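Below are my notes on the model, as numbered points. Please read them next to the structure.

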Amino acid sequence: MNWTGFWLILIQHQRAAESIDASPPYTIVDCSGAHPQLRRASQRNLKDAQALIVHAIDEAVKKSNGVLPKSRRNSMRIFYWATAATIKLLNAWRGRRHFTLGLDILETLVLAATREQAELTFEEFVDDWLYGKCRLVVGRRAAERSGLLRSFDASIFEDNENHLAIQMEAAGLLTQYSDATRMVSTGG
């Protein structure tokens, strides 16, 4: 179920951007909770995603000369954040929400990433899978590719990536070997 919810919100966000010719969207994920700047960016990213979806809905209605009740439009915006909260991609249901990787979605992403192979390196998981396939910005390389390093210190994303590794190791989703190699799998 988490996989279905994740892909629904990913597709909703992507298609909304495509429909109004906006740049491909990404999601800033705060895994550390240690940097207020990253937390605020993640909160703003959530608001921007919802605004993008509402704007795309309004444009589609305008193009078709249709009318959409405000309650229907709001339900589509709410679907985005409520689904994200359900699968633990958001920190909370109420209050100041931001993107994070809770255990439910983290396990789901690891299962999906390792479906064809037993394990992959942590760097491949963070860079190629989380950012490359899922458009989730966690580490420095993803922040660089997203253009975020123009307004953020790279060390913030390095810390964020390291906190994710600690969380994954605690959950049994990452094995750290003596030669500093970190491997992601479900075997823990």
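1. The largest pocket has 14 lining residues, and those nearest its centre are His 13, Pro 25, Tyr 26, Asn 45 and Asp 48. A pocket here is an open set of points on a 1 Å grid over the protein atoms alone, where a 1.4 Å probe fits, with protein on both sides within 12 Å along at least five of seven lines; lining residues have an atom within 4 Å of a point.

2. This is a predicted model, in which local features need pLDDT of at least 70 and side-chain atom pairs count only at pLDDT 80 or more, while totals for chains, interfaces and linings use all residues. Residues are numbered from 1 along each chain as its sequence is written, and side-chain values use heavy atoms, with hydrogens and water left out.

3. Mean pLDDT (the predictor's confidence in each residue, from 0 to 100) is 92 for the chain, and 99% of the residues score at least 70.

4. The volume of the largest pocket is about 250 Å³, taken as the space filled by probe spheres set on grid points joined across faces, edges and corners. Helix H2 gives the most to this lining, six residues (helices are DSSP runs of H or I, at least four residues, numbered from the N terminus).

5. H2 covers residues 36-63 and reaches 40 Å from first to last C-alpha, close to the 40 Å expected at 1.5 Å a residue (1.5 Å times one less than its number of residues). Just after H2, Asn 65 has a positive phi of about 55 degrees.

6. Ser 155 lies in helix H7, residues 154-170.

Notes:
Helix = DSSP H or I, 4+ residues; strand = E, 2+ residues; numbered from the N terminus.
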